[in-house]
Amino acid sequence: MSAIVSPIRNPLVTGNKSYHDITEDLVSPTEKTPSGLWVFGLMISLGLLTFGVFCIAWTIWFGIGSWNLNRTVGWGWDITNFVWWIGIGHAGTLISAILLLFRQKWRTGVNRAAEAMTIFAVLCAALFPGIHVGRAWVVFYFFPYPNTRGPLWVNFNSPLLWDLFAISTYFTVSLLFWYTGLVPDFATVRDRAKGIRKRIYNFLSFGWTGSAKHWQRWESLSLVLAGLATPLVLSVHTIVSFDFATSVIPGWHTTIFPPYFVAGAIFSGFAMVLTLMLITRKVLHLQDYITMEHIESMNKVILLTGSIVGVAYLTELFVAWYSVYPYEQFAFFNRALGPYWWSYWGMMICNVITPQLFWFRSIRRSIFWTFFLSIIINIGMWFERFVIIATTLARDYLPSSWSYYSPTWVEIGIFLGTLGIFFTLFLIFTRVAPVVAVAEIKSILKTGGDQYIGPNAKPHHHHSHSHGHTTHAHSHDDGHGHDDHKGGNDAAHGIVGDVADVVVENDDLKKVEGIGPKIEGLLNDAGIRTFRQLANTDVETIKEILVAAGNRFANKVPDTWPRQAEMAADGKWDELQAWQDILDGGKE
């Protein structure tokens, strides 16, 4: 059954793609020799990763004293970066799970990279609690292991333990969701590969054959995992916010933190997805699959979540003023006008003011402005986490203990190292799997391809029947359920072209609805090679040809074929298109 698609909806797949084109464009980057730009990026990422590993080793060897933490600021860059990375990991599950449940087709261009980004970001985030304990070998205190060492070490009342459960669950479900989506595409790569590479992808694809049963189970598993992951989007950063909100420190002890943190996480996550995808889109030439429609839709989400974050900032200020609680008021006065004023105003400008530029459609649809603002937003969200932690802790109830925190080279190096880990993993990912989900792009081609919908769809007119503009291909069955998408664009987008496209000696009979390559061959063998010959052949004769060819063709109904052929022979392509659409409508 064809989907009902608005004729004015802009396409999500451009370039007049066939199914073969999609496979070739998305799988070939995993098969070709890496470009010089990719190698250059990998070298930079590996350099940052190496420096980060050195700084982590330095921290373990010399202790947390190599950081600039002090008796007042016990959390610094480490927890700031931990919360920042967790936030970035949010967009992947949102795009994949929630938008899948709501059947938003625009997710298909960006969901694969967003899911991968989630996995890599959570790995980077998990690094910081592991080294923040100071003695890395006591990290097992985080885990509720069997009580063999005396009293149970972990404190189930601590939100830091809640973090462990929430983040590990989030990571596990996200990993399963990501890998489930990869299975059909790994099979596609396997079928094009040879030798050891074929064996590797055969193992990764779990023996995928593309049968109806496999697709049914794949769809069911995807929906189940999406249902599990959806509450995790809300719960993970809610629990991270409890690290602060369950304390009694002014500026932290507030009930607005959970929704505020969730909105901020989605805000920063979408910005990072855009940053990565715009680069990937350019380097791998994916402009036909990551279109302006995808970019604009994501910018709308950023505008929404950025506005929520802005309201949360203002609400915090209002509550501090309305509470008439001097310590709460001082906490916010200190943020705005204290020694860390630069970070507070940087946060306000980056997170509240700049996203409002997306109200303008020209900016929402500008590659330059989208890329620039996505980086600005990520900087602003880092500032937000720094403001919450450093400005709140630097000045407590005792003025004699007030201090000013700034990171050492070791802390900066560890953060750069996590950037190196993130980009190294992402660059490797682009070489081993399609960055855009091949199977999911194909699933929306007939309802989102520019040859079916949008202002450039063919034919260039709208039909009055219930399906609106041509939203489906006229697949001509050959008896095996195969359609004739064999690289030819005419079959892919219905009847297009004009009389000049018809070869007089041997017409393309497949342009008649219901005729595929096999049936065309039968008609040719019977001497019917042109539209005119088919138009002059009575239906009974055609039925006899089909019955004689065997049972697989005997159930075909050729009643309309002569009439369609007559229209094609007379060059009445628009009438033929309308006729075929009416025939399709009657099948619904």
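This note goes through a predicted model of one protein chain, point by point.

1. Ground rules. Residues are numbered from 1 along each chain as its sequence is written, and side-chain values use heavy atoms, without hydrogens and water. In this predicted model, local features need pLDDT of at least 70 and side-chain atom pairs count only at pLDDT 80 or more, while totals for chains, interfaces and linings use all residues.

2. Fold content. The protein chain has 24 helices and zero strands. Both are DSSP runs numbered from the N terminus (helices: H or I, at least four residues; strands: E, at least two).

3. Burial and surface. Of 588 residues, 53% count as buried. Buried means under 20% relative accessible area, exposed over 50%, partly exposed in between (1.4 Å probe, protein chains only). The chain exposes about 26,300 Å². Carbon and sulfur atoms supply 66% of that area.

4. Confidence. The mean pLDDT (the predictor's confidence in each residue, from 0 to 100) is 80. At least 70 is reached by 86% of the residues. Helix α15 (residues 409-432) scores highest, with a mean of 92. Helix α18 (residues 489-492) is lowest, at 34. Over residues 460-504 the pLDDT is below 50, yet this stretch has 119 contacts (heavy atoms within 4.5 Å) beyond near neighbours in sequence.

5. Most residues other than glycine have a negative phi. His285 has a positive phi, near 60°. His285 lies in the loop between α9 (257-283) and α10 (292-323), and is exposed, at 62% relative accessible area. Val324 also has a positive phi, near 55°. Val324 sits in the loop between α10 and α11 (326-337). Val324 is exposed, at 63%.

Terms used
Areas by Shrake-Rupley, 256 points an atom, 1.4 Å probe, with all protein chains shown as cover.
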